[in-house]
Each structure stands twice: as C-alpha cells, then as structure tokens.
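Okay, everyone, thanks for coming.

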Amino acid sequence: MILSDGVIKMSEQPIALHISNIKKKYVIKHITKKPDSKIERLKLMGYNLLHPIKSNAKEDFWALNGVSFDVKQGEKVGVIGKNGAGKSTLLKIISRITEPTDGKIEFYGKVSSMLEVGTGFNAELTGRENIYLNGAILGMTRAEIDQKLDDIIEFSEVGKFIDTPVKRYSSGMFVRLAFAVASHLEPDILLVDEVLAVGDTRFQKKCINKMKSIADSGKTILFVSHQMNTIRQLCDRVVVLKEGRVIYDGEVEEGIRLYNSEAYLEKQLHYDYTDLPRYPDFDLKKAQVMSLSVLQNETGIYEANEPIEFKLKIKVKVPDLGDLSFRMMIWHADETPIETAFTKTFASITKVGDYDVEVKINDHHLAPGLYKLTIILSGGDSSANSENLDYVYPAFVFEVLNADGTSRNWSRSWGWVHMDDVDVKLVGEKKE
C-alpha cells in the first residue's frame, strides 16, 4: 500500500496502534562560529547590533510532517529509512517521551519500549539491583521481576557476576544484562529501536531468536532498524520514512528495495577517507588508504559483465613496510555479504610516501542491485605474517544493471562473483 494523500483506510481487523497526522517541529537557531580574538568578538557584537534579525535567525525543522498509519494487533511492522528520516522521533512520541507538535496517537493495549539498551542502569549498583531498577523503569512490577529473575540472569549469561557492581562489567556483559531485562517485558505493543546490534555475533543471534519468540507469541511489534536481514526475519510489513513523511507502506521486500535506493544510491566518482571513522583495531600508524577514484565509468552504474575499475591513494607512514595486499569484500546494500577476495602482493614498499594503486575487478557476474565494497589493506614480510593496516567501509557504492541471466543466482537473485579475477598494480609513487 503506497500512501499518496496520507489517508489510511481502516481495516476490519482489530487495531493496536492508530497514528494520525503526527508532526514534530524543532526550532533551530543558527549560531555563528565563536570569535577567536577580542577584535573578532567586538566585530560580531557590532554586527548583531546593526542586524538584529539576522543575528537571531531561526529555522523550523520538521522531524515528522504528517505521518499516518495503523498497526493491527499481532502485526510486526518495520520502520526503515535513512538517518534523519524521523524513525526514532516517531518511536519517542509513541513512547510518550516527547510530545508531538500536532496529530494524535491511539493505543489499544499496554505499550513498552526498548529504545536504548541500558537506559537507567546505575554503575554503582549490582547486576541484580539493576535488574529491579531497570525493570521498574521499563514498566515491570516487582512481582513480575521476581517471577522472571532467574530467566533474565540465565539469558544474560552473567550469573557468576550478578551481585557485582556493573561498573566492573565489560561492555559486553553490560549490554547482555540490559537486553535480558528489556526482552522479558510482556506488553501488548512493543517498540524496538536498534537494540539487536548488541554484544558479539553469537549473542546477537540469540537476541534475534528471542525477538522471534516474542513476535510468534502474538505481540504487536514496531521495529526500527538499519539491518535489513533482521527486518526480513522479524517483520511482515514495512513503513519507509523519508524526511519526516511516509513514502511507502506495504510488502517487506519492496520496502527494502525502496530503502536501498534511497539510502545508498548516492554514488560518487571520488571518495575521500581522511575523516572516515575506522574500527578500533586499525590505528593507521603504518599505512592508510586515503581516497578512491572511479575509473572508466562516469555513473557508478555497471553492466553485468563490465569490469569495475578504480584507483586508490595509499599513504605509507613507516619505512620497510613490506609486501602490500588487499582483502576486498562486496556487500549487498542491505548488509548481506556476497564475496571476499584476497589479492596477491602488488608491491613491496620500503620507503615512506604516497602511492597510487589501480584495481580492476573482472567478470564479477553480479546480479542487478546496489552494492558496497569494503577494502582491507594488509602488509608484512610474508602472507603468513601479514598485518591488517586499514579497513575502509563503505569504500565504494555502485549499482549493477541488466544481468544477462546466464550467471548462477542466489536465492534472492543477488548473484555471484569471480573475485579471484582481480588485477592490482602500483602505478605511481610520490616520496615524502
């Protein structure tokens, strides 16, 4: 169901949540840069006196602008959209954390929220004490917590330390306990905002299975996430938000396709990684991938068998770095991994400096769709003694069109790739 006029036709099925024309406005004041010197401060004061209207300029920002849809009892609805689309604002309004500027919401049942794992935890209290404190904040009675205490502790896997102050917990132990509490709520309507991306991979799988069991029990769930595979597993309908408005409400796969187009179809011909956040394990002390420039293509859109070519600029910061190689991974835009390639050594670096490297991926056989590329730069004196130096994700966003149908396709027609057929060569060096 695509919304064009904001009007939702009521269903004969019981409604759990009725959202009608919700709007939320924030007033943003434009603040100029703080002056660095006394003279600059005096100049700014003079300008403000002469231009009082401009100096107090404000702007209305509509985080939500007329959002309307219904959620039926027992339905599992995913709310997706790019950052800033209004997803979390909507859940905060439904949770009554903030008030809407206009519109109304009608509830038909008890509502509980899992908006931020660990909210309300006190670092000085023990794990057991925090279970009672956090459970109360989330709306559970003491009797309910008493009844579920053993299950919560068992699920969290921190039983040995349950009477230890949580300030001594590792970050993994903390989020496991926090999720364990939140996941044992028993509301009629559950609001969930990105809380499944917690802990290690094994525990994330455990969290998803727990959410599945909640969904299968007949609860109504409104679920916000950027993890499209999780949306697929948990939801039977999606609502796509863009700039505070509903642009789609309907089938999961079609909604994900639209989300991918909106979120990732911002293809570029040059990528600068200077300020791109890196994973903590990569400190960039030895070498860094500085940028990527697309070659032989001015659109970022490729035919099925068209080679993908680009040039990387690498800054080597220490002498005698050794043999350099890449590991490259292709992901579908919804975070599904497609293939990984380990390239052969393309250079043996002995001097500090900037180096240009050209990469050509031949005959990838990718099915139509949007993709992202990860680049991991490795160095060392041998393949057995190689060290990961830099991790860039996403390094490159591109689209593939017009597959000829002769390649082997996966279950969702994502395709396959010959990532063993990659050419990498050093083409330029500029010494420091």
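Let me start with a definition: when I say buried, I mean under 20% relative accessible area, exposed is over 50%, and partly exposed is in between, using a 1.4 Å probe and protein chains only. On that scale, buried residues make up 47% of the 432 residues in the protein chain.

Now the ground rules. This is a predicted model, so local features need a pLDDT of at least 70 and side-chain atom pairs count only at pLDDT 80 or more, while totals for chains, interfaces and linings use all residues. Residues are numbered from 1 along each chain as its sequence is written, and side-chain values use heavy atoms, with hydrogens and water left out.

So how confident is the predictor? pLDDT is its confidence in each residue, from 0 to 100. The protein chain averages 79, and 80% of the residues score at least 70. Confidence is highest in strand β8, residues 237-242, at a mean of 93, and lowest in helix α2, residues 52-55, at 59. Residues 1-11 have a pLDDT below 50, and that stretch has 18 contacts in the model beyond near neighbours in sequence. Then there's 404-416, where pLDDT also stays under 50 and the model has 28 contacts beyond four places in sequence. A contact here means heavy atoms within 4.5 Å.

Next, the overall make-up. There are 9 helices and 20 strands in the protein chain. Those are DSSP runs numbered from the N terminus: helices are H or I with at least four residues, strands are E with at least two. Of the contacts in the chain with a separation of 6 or more, 75% are between residues 24 or more positions apart.

Let's go to the sheet. What is the strand order in the open sheet of 6 strands? Reading across, the order is β5-β6-β7-β3-β8-β9, with mixed pairing. Two strands pair if DSSP finds at least two bridges between them.

G78, for example, has F223 in β7 as its bridge partner. Helix α3, residues 87-94, packs on the sheet and touches β3, β6 (189-193), β7 and β8, with its direction at about 150° to that of β6. For those angles, axes are lines fitted to C-alpha atoms, for helices over the stretch in contact, and angles run from 0 to 180 degrees between N-to-C directions.

While we're here, have a look at I231, which sits in helix α8, residues 228-234. Its relative accessibility is 0%, so I231 counts as buried. Leaving out residues up to four places away in sequence, I231 touches G78, I80, F223, S225, V238, V252 and I256. I231 and I80 are 151 residues apart in sequence, yet 8.8 Å apart in space, C-alpha to C-alpha.

Over to helix α4, residues 127-137. Here G127, N130, I131, Y132, N134 and G135 are buried, and the buried residues of α4 pack against α5 (142-156) and α6 (171-182). With α6, the packing angle is about 40° and the axes are 10 Å apart. α4 and α6 are therefore oblique to each other: under 35 degrees counts as roughly parallel, over 145 as roughly antiparallel, 65 to 115 as roughly perpendicular, and the rest as oblique. On the α4 side, G127, I131, N134 and G135 meet L177, A178 and V181 in α6. After α4 comes G139, with a positive phi near 105°.

Last, some backbone details to check before you set anything up. Which peptide bond is cis, with omega about -10°? That one joins Y393 and P394, and P394 is in strand β19, residues 387-401.

N21 is not a glycine but has a positive phi of about 50°; N21 lies in strand β1, residues 15-29. E157, in the loop between α5 and α6, is another non-glycine with a positive phi, near 65°. At 34% relative accessibility, E157 counts as partly exposed, and N21, at 32%, counts as partly exposed too.

That's my tour, so over to you.

Conventions: pLDDT = per-residue confidence, 0-100.
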